[in-house]
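Please read them with the structure open beside you.

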Amino acid sequence: MLKSLKKLFSRYDIYQPSIWWQDFIRYQDIFKNYMYRIKYLKYYLDTKLNSFCLINKPKSILVINFTEIGDSINLTPFLQQLRDEFQEAKIDIFMKKPVNKLFKNLEEINEVIEDNNIRNEYDYAFIVDNKFSSSILAYEANIPIRIGQDYRGNGFLLTHKIKSPEYLGKPLVRYKTLRKDIKKEYQHFIDIFKAIGIKPNYDYKLKLSILKHENVDNFLANKNIDDFLVIHPCGSAPSKNIPKEFFDELISGLDYENILITGSKQDDSYNNKLVQNTKVKNISGEFSLTEMAYLLSKAKLVISVDTGIDHISAALNIPIITIFGHGNSYIWSPYSDKSYPVYDKTLWCIGCKNATCYRDKKYCFSDDVLNQVLEKVEIIKNEK
């Protein structure tokens, strides 16, 4: 015994305490590694056990959604079916700011949660954003039934799940032919019901309930703006932004006296470079998201790149022309009878998903796309 202890401590020198410290750190990392393994084993066993049970009549349901504006608006058909399937249940939703403000007046929702303190009172949790962090939130809140899509292995903590479509989040150029099974974004949310044996109903429409904002009305009255068109030239990625040349030709082809350019505060400098016409007014960053929704509800027409504004317009039943290039129009075109997606069908790089265009110019804003936009404008005018 003494020989063993002597051998163990023989490598240490009282004048070199750093060796002691290095061993302490090494064994501490090994201990942490084993503790993580035990923790995730507990996650797995808890999830596996709960996957064999299902509460038929849940009293309370939590929907966790940390997607952006457009995806969140496409969630509203899912919420409508959720309310119809569980009419007696309390349904709350946990969303990111400021998107959550758009959902406070939805009749399908009882409460919009704004902080991370999820109460331990829910029977079901629908994780609709496909994020592992959202699954952890539901697990840590001790919600027994966690439902969602297994997106790239993120469904580890879900008790009831379906496999996410392979094409989600991938460039369209990877597909030689468009498959018939490609669905709209709102349909992906509704498909989650398959995980608990409920048949998806794709007949629901986008829905949005907005409040009146007097400052928007005052702005329009002070500027003597009655009939107006909205152009939203910037998206979440620089590759989506409308180039100056395309914008100038678009403005010259539009027969509208009042054209409002919308965007966030970050878009203001870019939009100011586009505005060189007296009938065009840049109001980027002047209104909040809920005020912007109210403004869009008064527009005659909205022309936008692929971003959240076009989905808000579709939910408000406003005619919307969406210019696609970066994104996939088959999935993300606004779900509305008054939606008009346009894109250059001859481009091999359409739906590239690149944040920055690596070609010598943005070919997705071609003359063909410009002519399509102007043709759709005339169609909308004639329908009125």
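1. Glu121 is partly exposed, with a relative accessible area of 34%. Here buried means under 20% relative accessible area, exposed means over 50%, and partly exposed lies in between, with a 1.4 Å probe and protein chains only. The model is a predicted one, in which local features need pLDDT of at least 70 and side-chain atom pairs count only at pLDDT 80 or more, while totals for chains, interfaces and linings use all residues. Residues are numbered from 1 along each chain as its sequence is written, and side-chain values use heavy atoms, with hydrogens and water left out.

2. Which residue forms a salt bridge with Glu121? The partner is Lys90, and the closest N and O atoms are 3.4 Å apart. A salt bridge is a side-chain nitrogen of Lys or Arg within 4 Å of a carboxyl oxygen of Asp or Glu. This pair links distant parts of the chain, since Lys90 belongs to strand 2 and Glu121 to the loop between strand 3 and strand 4, 31 residues apart. Helices (H or I, at least four residues) and strands (E, at least two) are DSSP runs, numbered from the N terminus. Lys90 counts as partly exposed, at 29% relative accessibility. A network of salt bridges links Lys90, Asp92, Glu111 and Glu121.

3. A search of the whole structure finds 14 salt bridges. Among them is the one between the side chains of Lys207 and Glu107, at 2.7 Å from N to O. Lys207 lies in the loop between helix 6 (185-190) and helix 7 (214-222), and Glu107 in the loop between strand 2 and strand 3, so the pair ties together parts that are 100 residues apart in sequence. Lys207 is partly exposed at 24% relative accessible area, and Glu107 is exposed at 63%.

4. Lys207 also forms a salt bridge with Glu108, where the closest N and O atoms are 2.7 Å apart. Glu108 sits in the loop between strand 2 and strand 3, and Lys207 in the loop between helix 6 and helix 7, so this pair ties together parts 99 residues apart in sequence. Glu108 is buried, with a relative accessible area of 7%.

5. In what order do the 6 strands of the open sheet stand? The order is 3-2-1-4-5-6, and the pairing is parallel. Strand 3 (111-113) and strand 6 (160-163) are at the edges with a single partner strand each, so one side of each has no neighbour in the sheet. Two strands pair if DSSP finds at least two bridges between them. Strand 1 (residues 60-65) and strand 2 (residues 90-95) pair in the parallel sense over 6 bridges.

6. Two helices pack on the sheet. Helix 4 (residues 76-85) touches strand 1, strand 2 and strand 4 (124-127), and its direction makes about 170 degrees with that of strand 1. Helix 5 (residues 132-140) touches strand 1, strand 2, strand 4 and strand 5 (145-150), and its direction makes about 170 degrees with that of strand 4. Axes are lines fitted to C-alpha atoms, for helices over the stretch in contact, and angles run from 0 to 180 degrees between N-to-C directions. Contact means heavy atoms within 4.5 Å.

7. Is Ile64 buried or exposed? Ile64 is buried, with a relative accessible area of 0%. This residue is found in strand 1, and its bridge partner in strand 2 is Phe94. Leaving aside neighbours within four places in sequence, Ile64 is in contact with residues including Phe126, Leu137 and Ala138. The C-alpha atoms of Ile64 and Ala138 are separated by 8.2 Å, and the two residues are 74 residues apart along the chain.

8. The largest nonpolar core has 59 residues, and those with the most contacts inside it are Val63, Phe78 and Phe126. A nonpolar core is a set of buried Ala, Val, Leu, Ile, Met, Phe, Trp, Tyr and Cys residues joined through side-chain atoms within 4.5 Å. Leaving aside neighbours within four places in sequence, Phe78 is in contact with Val63, Phe126, Val128, Phe189, Ile190, Ile192 and Phe193. A second, separate core of 38 residues includes Tyr151, Ile321, Phe324 and Leu370.
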